[in-house]
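Student: I would like to learn how to read strands and helices in a model. Please show me the example first.

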Amino acid sequence: MPAELATDNAHLLVVDDDARLRALLQRYLAEQGFRVTSAADAAAARGALAAMAFDLVVLDVMMPGETGLELVESLRRDGNDVPVLMLTARGGPDDRVAGFEMGADDYLAKPFDPRELALRIRTILRRTAPPTPTLLPQAPVQLGMRWFDAERSELRGPDGTIRLTGGEAALLAALARRPGEVLSREEIAAALGTPEAGERAVDVQVTRLRRKIEPDPREPRFLHTVRHRGYVLRPGP
């Protein structure tokens, strides 16, 4: 196996109620150099997440009982920022955006080529890994009473550390590297590693990030929309 496919033995949790697909994915991803644990439903996934640390979750949307969307929403609400790639038989734009709104990092419609799944997993893992030092802002970025430390992917303030998902941290790091400069939605999607997700998915990520960095997300002080152009971060006290 080529060295670039090793991916540092990342540990994946595959959650799907289809036993055949679950077994196929577990075998294929193991062949690609990943460690893989599987779960048949949301309850089993919760047990696995409570017992072990995972680098990424591959999560089916449509499952009996608690759905994948409900599970990822619950994880984010509880502060669990493990990256999540959602699988679904419904791949329309509204379905993808619903996944991003709940806190997913990427979305893949069934049926899919396993090679594309492995590629997307590696893209998310690269994106959520600590950024290369040369790409980091030179110092923590001030956003009012909070400071963003790109090296640690942390947002800190008087109320403690605020958890950022991998997508939120990547978005804020991309904007913080170019403060005062407008980034198009295409540039942002590329920085997030989801160029195929579309403009609306970028808007969803921006909305989620504003809830964490803005005193009033409806009246942004730091992350501004520039009509017909994109978004710009203007740090400051």
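Tutor: Two strands pair if DSSP finds at least two bridges between them. Strands (E, at least two residues) and helices (H or I, at least four) are DSSP runs, numbered from the N terminus. This is a predicted model: local features need pLDDT of at least 70, side-chain atom pairs count only at pLDDT 80 or more, and totals for chains, interfaces and linings use all residues. Residues are numbered from 1 along each chain as its sequence is written, and side-chain values use heavy atoms, with hydrogens and water left out.

Student: How many residues lie between S7 and S8 in their hairpin?

Tutor: Four residues lie between S7 and S8, and in this turn Ser-153 has a positive phi of about 55 degrees. Strand S7 covers residues 146–149 and strand S8 residues 154–157; the two pair in the antiparallel sense over three bridges. Asp-149 has Glu-154 in S8 as its bridge partner.

Student: Which residue takes a positive phi in the hairpin of S6 and S7?

Tutor: Gly-144 does, near 65 degrees, in a hairpin with two residues between the strands. S6 and S7 also pair in the antiparallel sense, over three bridges. Here Gln-142 has Trp-147 in S7 as its bridge partner.

Student: In what order do the four strands of the open sheet run?

Tutor: The order is S6-S7-S8-S9, with antiparallel pairing. At the edges are S6 (141–143) and S9 (160–162), each pairing on one side only. From one strand to the next, the twist averages 30 degrees.

Student: At what angle do H6 and H7 cross?

Tutor: Two packed helices are described by the angle between their axes and the distance between the axes. Axes are lines fitted to C-alpha atoms, for helices over the stretch in contact, and angles run from 0 to 180 degrees between N-to-C directions. The axes of H6 (residues 166–177) and H7 (residues 185–192) cross at roughly 130 degrees and come within 9 Å. That angle makes H6 oblique to H7; angles under 35 degrees count as roughly parallel, over 145 as roughly antiparallel, 65 to 115 as roughly perpendicular and the rest as oblique.

Student: Which residues make the contact?

Tutor: Contact means heavy atoms within 4.5 Å. H6 contributes Gly-167, Ala-170, Leu-171 and Ala-174, and H7 contributes Ile-188, Ala-191 and Leu-192.

Student: Which strands does H6 lie across?

Tutor: H6 lies across S6 and S7, and runs at about 95 degrees to S7.
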